[in-house]
Amino acid sequence: MVLASVGKTVQLQKKTENIRNICILAHVDHGKTTLADCLISSNGIISSRLAGKLRYLDSRADEQIRGITMKSSAISLHFEKGDQEYLINLIDSPGHVDFSSEVSTAVRLCDGCIIVVDAVEGVCPQTQAVLRQAWLENIRPVLVINKIDRLIVELKFSPQEAYSHLKNILEQVNAVTGALFTSKVLEERAEKETGTQIISDSVPGDQVYDWSAGLEDTDDSHLYFSPDQGNVVFASAIDGWGFGIEPFAKLYSQKIGIKPAVLLKTLWGDYYLNTKAKKIMKGDQSKGKKPLFVQLVLDNIWSLYEAVMKRDKDKIDKIITSLELKIGAREARHVDPRVHLNAICSQWLPISEAVLSMVCNKLPSPLDITAERVEKLMSVGARTFDSLPPETQDLKNAFMKCSSEETAPVIVFVSKMFAVDSKALPHNKPRPLTQEEIAQRRELARQRHAEKLAAIQSQELPEKALCGNAPETTGKTGETKGDEQQLTSQIEVMTLKTVKQEADNKESFIAFARVFSGVVRKGQKIFVLGPKYDPSESLHKLPLGCSAEADLPSVPYMACCILENLYLLMGRELKDLEEVPSGNVLGIGGLHEFVLKSATLSTSPACPPFTPLNFEATPIVRVAIEPKHPSEMPQLVRGMKLLNQADPCVQVLIQETGEHVLVTAGEVHLQRCLDDLKERFAKIQISVSEPIIPFRETITRPPKVDMVNEEIGKQQKVAVIHQTKEDQNKIPEGVQVDSDGLITISTPNKYATLSVRAMPLPEEATRLLEENSDLIRTMDQFNASLNEDKKTHEINQKTLDKIQEFKQKMEQNLQGRKWRNAVDQIWSFGPRKCGPNILLHRFEGYKKSVWQCLDKTTKEVSKYRDFDNSIVSGFQLATLSGPMCEEPLMGVCFIVEKWDISKVEEIMSTKRQQSEECDATEWKQDEDEATCLSRSHITECSSEDKEFKGSSQGSPKSSEKSSKRKGEALLADCYGPFSGQLIATMKEACRYALQAKPQRLMAAMYTCEIMATAEVLGRVYAVLSKREGRVLQEEMKEGTDVFIIKAVLPVAESFGFADEIRKRTSGLASPQLVFSHWEIIPSDPFWVPTTEEEYLHFGEKADSENQARKYMNAVRKRKGLYVDEKIVEHAEKQRTLSRNK
């Protein structure tokens, strides 16, 4: 029987202090959904016998088949503790790394979380990731150590060994938490130091450095997991039992006669019981005694398992009677001893009781939200909380109060949109019939039955002989009429059915949300604030105290919508609600047109959008998609739009080539997205390309040794048979190349000359540029507004400090003679003005820099100012697609050594003089003549000159623009506008400068963590080496026979890797792949043997596998570029075997 009805839940929603919003987080296969099943069965929603087998919250078919959770699902549970009643909004989240974005959406809506750890596997990579996500969102965790039955049944541990193993796991979890806490304290201390530095600089006297990191003063005892604090539960969800140490402390305090408080502190730790003195003593290990936890708790559980597994009936009966339990005959006689065990344990130590009471005691209610978390949620991007408008800062109180009063502003955060079948919506479900309706239907059925009987009897009457043809024909016509009527009625039924099916098959989108303040009501009008909405820019456009009901002027990134439906989320079901008070999790219908993935809803326009969600996984796996039948393209486009809305992590793109591309986090995620497209959103057959693997192009320092480790330049060169390298890097005429790789090239009209050199950036500098791409984008926007004299909002001090710090780090990483003053000479970053490549200027008379925002200098006036953007644009194009296979560049620095535009200046000055002379002669002529010649070139010159003169009298900004236009007009020739020529020339110069250096491909790499037992270790290594993987570390888990292998694997080789490892190891090893970094492939894609030793080693053809060339040619083929390869390798004449007849 279901304990809590909807009415009961609605009442509990109003008691904010008794609400707990929690999510279950863990590594894949650590037992989250099984634990959720046990908690759900305590409410009678599912049978306790099915808990763990049903996996109620895995409602998708593919989740049930694969046995892993793929999406976050919520359910509301009712829990009674003493005289208090609690409402627990439980969210189950996935553990697979491909779906870590779903974890982010769940964590944002919660105040606390249950971290589940497998007692055998211990802390795994995803356990660390979820702990970090919980930490970043400022939510409090509690710990459940699950699958303790495996220690007894599988590993056959003794209670003493199990105790030390559990202690190790607890230490590992606390070590992760400690590392996160330490980093936070050190960050805060660094911020304080920068603040006090200004003051301390002015104070004279010796400076004494304080080496204490501030960790000594801060109390962190509440952060760690310890059974005596009550935030750890030991459990076996599959067997239905779990316990904290509190109930045991109470139980034994009565038996032994020791105070419960004392037992609570000593039940976990190095304490033992002196039975003679009836005292608890310290130092169990040194004296060879059993710890209290083993003696009083684990021994009992072990003896129970032993008795049940060995079918010791007497012992079992003794245990049942001493625990005062009632076990049904069905369970006692069952063939599987685990069923009997489950029946005993779930009554003796019910897991739902242990976990839910810990949740109610230790996790905060929505009222206990911290000020730090509120400020973090409200501060978007580089904005600090203090820099927000005062109206916005006032909303902090509404957050903290979490009140459900009428006056409180409504603030709701939508963390994701999820699709449900329209049939599942409450208003589309068939409602239960009343007694009157059942009686009416019964009566109708009786009438129909009576009519049928009467019709059959009338047909069976003896037919009298019919005379003449006339009656026959009339009979026939009657029959045909009847048939026609039947057909029309059938067609009507068919059309009705198709209409109904279309309505049924439609997917409805529901927003997964939480109310942070106020009361949300059905039919309420509310503002939808997009992620880019800025209250400081929009508030002055709106009237004071305005609401969503009024007619308001349009404001960017803000829309108004009506909340059509509110739902209570009950796992696979939805229940209708009229209103939801603050602090609750809910589903909202009717937002699909306003919200793409996440949004903030509020009745106050002063509310800022919440900070974006932290996604752990980076979408990297790309595939191109097209319909099997081209006519179904509109369905595919519509389906991809719906998929983009339904999945928080997926990206949908249309490339320049016109391909529809799907970008996903991994193979499992990709498979789920494709299944959804075929079966739910597009409902068509689709063709999927091979995965599109991303690469990057770069250059390296010239190698000192060749392919056979001989020093280059020492050995004798022989005639090169393969000319591939020379063919690839053929530099055309008119381009000068120095010995050190300086390229000098002129524009097609020979008016300007550029000298460009390419250099590889140090690895640290490239990494720094990658990490700070958002900061670089902010700098670029601010510099653009400075140059255009726009009055935008001032960049705040915190961001300026970050930019200053970034500049200092760049200076540290770019040291040496080659990089002298390089940081001050940075002209631009690329591609897209925020990438990991830089452009430097080292020619005279130009001082523009990307660090304008630090010194607040406006655009400087020089001879280059009209055309400098063309050079930057050329650099952006060059870095976006490199010469090897049109992939973006990475870690390359281009230096413009010389830029000569003296000819341009001469031509512009002479043309100006000519136009002035032209102008003067024209003014001397008669008016009639002037009108006749108005269409000729002279008048054009004069009109241009007038425009030039007029504009020169106006503002300096307009004069600059017009002079630029004038310059363009004067310099346009048969080669096109001069700025266009500069862009093309700069792009070509960068490409040739790259080709003058040793080029390399960079591959995307996954870090791969594999857990495997000793017997399958060799097979794991075989699969890794076959796929170009590289093992970094191998360690054995203490107390188990499990090895943890850490390796790196190219993304290009990763497809089918997980399946292959599972097949080769019979499912005993499972990998977790997470995108890590970009790595240079050491082999040269253009390499050919040139020395005698290389010929001897690699042979004349040198046809051994060159990994870089294989990747490069694959990308070139996919993009339709020229590939230098022989189509026919051995062209011999084909002989026919049969004789010519």
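Reader: What share of the 1141 residues of the protein chain counts as buried?

Author: The share is 47%. Buried means under 20% relative accessible area, exposed over 50%, and partly exposed in between, with a 1.4 Å probe and protein chains only. This is a predicted model, where local features need pLDDT of at least 70, side-chain atom pairs count only at pLDDT 80 or more, and totals for chains, interfaces and linings use all residues. Residues are numbered from 1 along each chain as its sequence is written, and side-chain values use heavy atoms, with hydrogens and water left out.

Reader: What makes residues 868–880 helix 27?

Author: Helices are DSSP runs of H or I with at least four residues, strands are runs of E with at least two, and both are numbered from the N terminus. Helix 27 has 13 residues. The chain holds 36 helices and 34 strands.

Reader: Which residues of helix 27 are buried, and what covers them?

Author: Among the buried ones are Ile 871, Val 872, Phe 875 and Ala 878. The cover includes strand 27 (753–760), strand 30 (892–900) and helix 32 (978–995).

Reader: Why are strand 27 and strand 30 called paired?

Author: Two strands pair if DSSP finds at least two bridges between them. Strand 27 and strand 30 have eight, and run antiparallel. Ser 755 stands opposite Lys 898 in strand 30.

Reader: What makes strand 25 and strand 28 edge strands?

Author: The open sheet has six strands in the order 25-26-27-30-29-28, with mixed pairing. Strand 25 (736–737) and strand 28 each pair on one side only.

Reader: How many residues lie between strand 32 and strand 33 in their hairpin?

Author: Five, and Gly 1039 in the turn has a positive phi of about 80°. Strand 32 (residues 1030–1036) and strand 33 (residues 1042–1050) pair in the antiparallel sense over six bridges. Met 1036 has Phe 1043 as its bridge partner.

Reader: What makes a set of residues a nonpolar core?

Author: The members are buried Ala, Val, Leu, Ile, Met, Phe, Trp, Tyr and Cys residues joined through side-chain atoms within 4.5 Å. The largest core has 99 residues, and Phe 234 is one of those that touch the most other members. Helix 10 (residues 292–309) gives the largest share, 12 residues. Apart from this core lies another, of 98 residues, including Val 520 and Ile 1045.

Reader: Which residues does Phe 234 contact, leaving aside neighbours within four places in sequence?

Author: Contact means heavy atoms within 4.5 Å. The partners of Phe 234 include Ile 145, Leu 166, Trp 268 and Phe 293.

Conventions:
The expected span of a helix is 1.5 Å times one less than its number of residues.
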